[in-house]
Amino acid sequence: MTGVRLTLVFGVLVCVLALTNAVSIALAQSPAYTVRIEGASALTTALEKHLSIAQRRDELATQPERLRFLIERTANEAREILAAEGYLDARVRVTPSGEPVSDVAIAVTLGEPVRVAQVELTFQGAIASNGPPPTTASARARWTLQPGARFRQEAWEQAKRAVLRELLAERFPTARVVTSNAEIDARRRQARLVVTIDSGPEFRFGTLEVVGISRYSRNVVDGLNPIRPGTPYSQRALAELQTRLYTVPYFSSVNVITEPGSAADPGALPIRVEVIEADRYKFDLGAGYSTNTGLRVQGAYTDINLLERGWRWKSLTRIEEREQRVQTNLTLPVRTSGWQDDYELAFNRSDVLQFRVDSYTFNYKYAKTEGRIERALSLLATVSREFPAGSSINTKQALVPGYAWRYRAFDNVLDPRSGYEFGGQIGAGAKALLSDQNFVRTFGRAVGILALSPRDTVVVRAEGGVVFAPARDGIPAELLFRAGGDQSLRGYRYQSIGVTEGQAIVGGRYLVIGGAEYIRWIDPQWGAAAFFEIGDAFDKRSALALKRGYGVGARWRSPVGPINFDLAYGEAAKSVRVHFSIGYVF
């Protein structure tokens with residue numbers, strides 16, 4: 001009997017503790033008290049963000065004495081916040097209600113704000129000693145707090161920083177604010193702003209010192225350096241040098257800094273480049289799968305210092321179910337001008353929809369990336385042997401000089417959340433210059449990513465191409481257009497949209513594709529998508545018959561970019577297809 005009683009007592013205690021814990025959790029999760037701000041208009045958000053009584057509700061709810069103390073201070077705290085926003089005569093009334101306090105009403109009367117009446121921005125130092133150079137006008141243009149604007153403490157500080165940044169970035173890295181006065185006439189509600197900036201001496205770049213390089217030639221760094229001794233100091237030039245060094249495979253770490261000049265030449269800033277060298281040799285093995293070309297295995301070997309000259313040699317073999325490729329590349333170090341030479345030899349075999357193509361190509365590119373702009377001059381020599389089922393075997397050749405241009409403005413190249421790109425290509429072949437046909441080939445593409453909200457993204461794209469020629473006869477397959485597949489028109493088989501020749505689908509002289517995709521991110525890693533695409537690849541303008549594809553899919557943000565799994569319906573093919581791909585269509 002005693003055991004039964006003990007068991008009952010123990011059970012009651014457990015229930016009481018559980019109930020107490022549940023009540024505590026419920027109280028902790030319930031709002032401590034409400035804070036209502038009235039009359040502050042656009043400044044309501046600033047008050048909610050900075051008032052202690054609004055930011056510390058959960059903490060103060062269990063400390064009534066501290067809450068009462070803060071309520072008494074709230075009016076003064078609110079007036080200080082409003083004064084920093086330019087409202088010196090603001091009136092604040094704080095009214096708590098309930099016992100314990102359950103509601104705090106804050107009534108605000110803003111009054112008239114202080115406005116900027118006059119700005120006196122002067123410069124001294126080297127920038128003013130030889131007359132006002134263009135840098136002075138550029139720095140003045142950065143001033144953002146103009147006469148007539150409401151005087152705000154944050155805007156006042158931002159205006160000074162903007163002017164100072166302009167000088168620090170170009171020619172005057174020791175510039176500083178000497179005088180900074182905001183003279184407030186409270187009666188007239190006017191502010192007179194007085195700022196004096198000392199530019200300090202004008203600096204030039206000095207010599208380049210490289211630390212940590214031993215395995216590779218110093219010429220690798222010198223060739224990438226756009227800065228010449230004696231040129232005016234520029235943060236942009238230093239950033240470009242660092243970016244160039246990061247984009248080559250010779251270094252795993254790069255740090256570019258400037259140091260004070262010597263006593264003999266105090267205006268010179270030597271450049272110090274500190275690097276950690278990367279491994280010279282690299283061997284990669286990989287496997288994968290694509291709904292376009294099936295299972296894939298590949299191997300690559302890279303030597304980034306061929307013949308001890310900083311030349312990069314890469315050999316790649318890739319075997320897929322529908323395509324196989326063997327290629328070798330030789331890439332020379334970037335020239336001082338920023339241009340780079342790349343040579344490629346390749347053999348490619350494609351066997352898709354009863355159309356087999358064996359192509360041998362040599363491609364030379366002379367390319368440069370400058371900020372967001374990529375440019376390339378090229379010379380392509382190609383010979384292809386084509387085996388369309390049910391038609392005659394053809395051998396075609398072309399020598400194609402070309403030019404490509406692209407502008408990219410994405411927030412992140414690997415996994416962009418917003419931004420856009422557009423670009424185009426043009427190339428030509430002539431019978432007089434080793435081509436089987438006279439032609440001009442053009443191609444253009446545009447992609448835009450719009451973040452409607454942190455969870456909602458819209459991706460739109462458009463692309464098109466035209467091969468101007470009397471006919472497609474004599475033009476190698478890789479220079480014509482086919483469509484369909486993961487990166488083209490979903491809902492259709494890979495390269496299934498084109499021109500019928502015998503029993504095969506071959507390329508046409510025209511291409512037009514457009515599409516839009518909406519993505520809803522359920523959490524930071526996973527999202528759901530819906531898309532619509534339309535397009536065609538054809539040989540005569542009269543043969544245009546737009547094909548539509550639409551469907552839904554899943555998205556996963558992986559370390560190598562978005563992974564896409566789509567279920568699409570091809571209206572013209574009357575079929576449902578699964579598509580698997582990585583990244584956006586660029």
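How many salt bridges does a search of the whole structure find?

Author: The model is predicted. A search through the whole of it finds 46 salt bridges. Side chains of opposite charge can pair when their charged atoms come close.

Take E209 and R272. They form a salt bridge, with 3.4 Å between the closest N and O atoms. This pair links distant parts of the chain. E209 sits in strand β7, residues 204-211. R272 sits in strand β9, residues 268-277. E209 has a relative accessible area of 38%, so it counts as partly exposed.

Next come E320 and R318. Their side chains meet in a salt bridge at 3.5 Å, N to O. E320 is buried, because its relative accessible area is 10% and the cut-off for buried is under 20%. R318 has 23% relative accessibility, so it counts as partly exposed.

E533 belongs to strand β24, residues 526-538. R490 lies in the loop between β20 (456-468) and β21 (499-501). The pair therefore ties together parts that are 43 residues apart in sequence. E533 is buried, at 1% relative accessibility. R490 is buried too, with a relative accessible area of 8%. The pair also belongs to a network. Salt bridges with shared partners join R445, R461, E463, R490, E517, E533, R555 and D566.

G570 has S575 of β27 as its bridge partner. Four residues lie between the strands of this hairpin.

Now turn to a sheet and its helix. Strands of a sheet pair through backbone hydrogen bonds, either parallel or antiparallel. Three strands make up this open sheet, in the order β4-β6-β5, with mixed pairing. β4 (115-124) and β5 (176-185) are the edge strands. Each has a single partner strand, so one side of each is left without a neighbour in the sheet. On average, neighbouring strands here are turned by 10° against each other, direction ignored. β5 and β6 (residues 190-198) run antiparallel and are joined by nine bridges. Look for I184: A191 in β6 stands opposite.

Helix α8, residues 153-169, lies across β4, β5 and β6. The helix runs at about 25° to β6. α8 has 17 residues. From first C-alpha to last, α8 reaches 24 Å, close to the 24 Å expected at 1.5 Å a residue. An α-helix has 3.6 residues a turn, so residues three or four places apart point the same way. The buried residues of α8 are A155, W156, A159, K160, A162, V163, L164, E166 and L167. After α8 comes R171, with a positive phi near 80°.

Technical notes. Residues numbered from 1 in each chain as written. Predicted model: local features only at pLDDT ≥ 70, side-chain atom pairs only at ≥ 80, totals over all residues. Heavy atoms only, no water. Pairing = 2+ DSSP bridges. Helix = DSSP H or I, 4+ residues; strand = E, 2+ residues; numbered from the N terminus. Axes fitted to C-alpha atoms, helices over the stretch in contact; angles between N-to-C directions. Contact = heavy atoms within 4.5 Å. Expected span 1.5 Å × (residues − 1). Buried < 20%, exposed > 50% of the residue type's maximum accessible area, 1.4 Å probe, protein only. Salt bridge = Lys/Arg side-chain N within 4 Å of Asp/Glu carboxyl O.
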